[in-house]
Amino acid sequence: MTAPVLTPYADSEVARLRTVILHRPGPELARLTPRNNDELLFDGVPWVARAQEEHDAFAATLRERDVEVLLLSDLLSETMDIADARGDAIGAVLADPRLGDDLGDMVGSYLESLSPAELTAALIGGVSKLELPQGRGISWSLMDEHDFVVAPLPNTLFTRDSSVWIGPQVAVTSLAMTARRRESSLTAAIYTYHPRFAGAEEFFTPGFEPLEGGDVLLLAPGTIAVGVGERTTPAGAERLARQAFSRGLAETVLVVPIAQDRAQMHLDTVCTMVDRDAMIIYPNIAGSMIAYALTAPDGPDAALQVTGPTPFLRAAADAMGVERIRVIETDLDPISAEREQWDDGNNTLCLAPQVAVAYERNHVTNSALDAAGIDVIEIAGSELGSGRGGPRCMSCPVVRDPL
């Protein structure tokens, strides 16, 4: 018997996970070289076959626990069979100012000629000058044969960032970095046109101020924390708050400043929920984290009320209506803590309250979680982690049980 299709919904980070979107890494990772990996936001050149093995094991781990795994490439290929969706996705490619009119016409014609599966591969994996059958224009003439006429999207691996479900509605985010901006066009096409998401309401769109899903934590029903730093701007956090307030999706949004650097690019690189009232937090900054609370006592169209700054853990507990937030203490010295934070030790994916997926390499953090009563499901991530993302980064929850 075919399992019923569940209606998208999420109001927390920890309730029973039912459906998730992942992206199995593919040829786009093979595009990474020491010459371009910084530009494409990777810290190294991953071993693609091993990364695929690790990701397959991650997906299998979720399926073994009755989580429905939707693969982004499958969803996109099915979506690219719809003419309007193809037009939107190709239009996002042609908006690249590097192309110019002449080369843009050639690229558009080439992409239009591809099958849905071939188009999906090109949109994610990119197209080099050498792979384009023909071209023209000054942009074409000045390109090296290995330059990309369609840039690859290796960070598609991190499906958390381009969309966030809050309640029954979805935020298709505005990715900050040039190398990632086109990812949102693919996510938007899926939610707009794929039959699985027919009628889905989008309450945030890529045209808004920069906001990335890794900065958005659903602390509890009605309470959202948004990190502001390298990827999400204060204006992006404010826009999310206004949109969520206007749709009745939240009552309080906590804006949490984080360092504007690579190691702490998103809020979920320094803290994630592991139970209804418990977090794992990077110990080097846990005591200094602050939050500003946004509410809309006069309605979302009026000036939002800003209170704070307040210590983050206190502000979170108050907004969630609990006495305190339990912090999982790792007792790491500052150097070891920095190493495990860099290796995504604080980036966990909850499958249910007190059940979290984590990278196996972070032994001390995982041991602390286990000692605190958290069932830790360890996965390999030596190659997957080269893009600076852990299990939470690699997953976009579509359906969770209500908390």
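## Two helices side by side

Contact here means heavy atoms within 4.5 Å, and helices (H or I, at least four residues) and strands (E, at least two) are DSSP runs, numbered from the N terminus. This is a predicted model, where local features need pLDDT of at least 70, side-chain atom pairs count only at pLDDT 80 or more, and totals for chains, interfaces and linings use all residues. Residues are numbered from 1 along each chain as its sequence is written, and side-chain values use heavy atoms, leaving out hydrogens and water.

Start with H4 (residues 83–94) and H6 (residues 116–125): their axes come within 11 Å and cross at roughly 30°. That makes H4 roughly parallel to H6 (angles under 35 degrees). On the H4 side you'll find Arg 86, Ala 89, Ile 90 and Val 93, which meet Pro 116, Leu 119 and Leu 123 in H6. The residues of this contact divide into six nonpolar, no polar and one charged.

## A proline in a strand

Next up is Pro 257, which sits in strand E10 (residues 250–257). Is Pro 257 buried or partly exposed? Pro 257 has a relative accessible area of 35%, so it is partly exposed (between 20% and 50%, with a 1.4 Å probe and protein chains only).

Leaving aside residues up to four places away in sequence, Pro 257 touches Val 228, Ile 290 and Tyr 292. From Pro 257 to Gln 305 is 48 residues in sequence and 17 Å in space, C-alpha to C-alpha.

## Helix H11 and what follows

Helix H11 covers residues 312–320, and its buried residues (under 20% relative accessible area) include Phe 312, Ala 315, Ala 316, Ala 317 and Met 320. After H11 comes Gly 321, with a positive phi near 75°.

Conventions
Axes are lines fitted to C-alpha atoms, for helices over the stretch in contact, and angles run from 0 to 180 degrees between N-to-C directions. Angles under 35 degrees count as roughly parallel, over 145 as roughly antiparallel, 65 to 115 as roughly perpendicular and the rest as oblique. Ala, Val, Leu, Ile, Met, Phe, Trp, Tyr, Cys and Pro count as nonpolar, Asp, Glu, Lys and Arg as charged, and the others, Gly among them, as polar.
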